[in-house]
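Please keep the sequence and the coordinates at hand while reading.

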Amino acid sequence: MTTTVLHHDDYAQSRWKNGLGVTRTVDIAPEGADFDTFAWRVSMADVGEPTPFSPLPGVDRWLMPVAGSGFELTINGASYRPARGEVVRLSGDNDAAGGASGSGSRDLNLMVRRPHAAADLRTLAIAANASLDARTLAAHGGTMLAILLDGDAQVDGISLSRFDAVRLTENACETFETAAGCLLAIASLAGAAVSAELAG
């Protein structure tokens, strides 16, 4: 079992598959995979004007606005305006486009290639006085990424900056220490789970 801290400043940047934007890869499996070979991928992108999404046949996608002025999304002609921390799920086969509703938006993207991995994306708020169970995350045979969206937190004595991530694999279990509370985005992949309080 392993726990790894991934720092935002170290995320690799690359062009979108359609060349119309830039994305930062938080984590990807298998290691070294690209757009055509990943089983799953978690990334962040800064978006401005509405832009067509890259077509990704056979890929399921989860999108969550995490910072900025707001986000507008069109999927097969239907319009959505997800709030910060709200998740929209779509297929890479869909005709989709998205952009900021104001000056700019940062979005978290989870992509999973069928049928390689089951997945979920959600937020978790941890209060400063939360119980031990409510601050503990565990990956039961899968992989979990916890990305810090707001607040302060430490894991195993390592301080996290905004948009840093913690990767837990196999049966790794970690407790988040926070003095003033924090908000995390949780990407669960291939069987990973969190505390009973969140799972309920």
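The paragraphs below cover the nonpolar cores, the cysteines and a few backbone angles of this predicted model.

In soluble globular proteins, nonpolar side chains tend to be buried together. Here the largest nonpolar core has 26 residues, and V26, W40, V42, L108, L145, I147 and L149 are those with the most contacts inside it. Two or more residues each come from β3 (22-29), β4 (40-47), β6 (59-68), β11 (105-113), β14 (142-151) and β19 (182-189). Leaving aside residues up to four places away in sequence, I147 touches several residues, among them V26, V42, M44, L108, F163 and L183.

C182 counts as buried because its relative accessibility is 6%, whereas C173, at 45%, counts as partly exposed.

The backbone comes next. Most residues other than glycine have a negative phi, and most peptide bonds are trans. The peptide bond from A29 to P30 is cis, with omega near -5°, and P30 lies in the loop between β3 and β4. D156, which is not a glycine, has a positive phi of about 55°. D156 sits in the loop between β15 (153-155) and β16 (158-160) and, at 66% relative accessibility, counts as exposed. E170 has a positive phi near 55°, but its place is in strand β17 (residues 165-170); at 48% relative accessibility, E170 counts as partly exposed.

Methods: Residues numbered from 1 in each chain as written. Predicted model: local features only at pLDDT ≥ 70, side-chain atom pairs only at ≥ 80, totals over all residues. Heavy atoms only, no water. Buried < 20%, exposed > 50% of the residue type's maximum accessible area, 1.4 Å probe, protein only. Core = buried A, V, L, I, M, F, W, Y, C linked by side-chain atoms within 4.5 Å. Helix = DSSP H or I, 4+ residues; strand = E, 2+ residues; numbered from the N terminus. Contact = heavy atoms within 4.5 Å.
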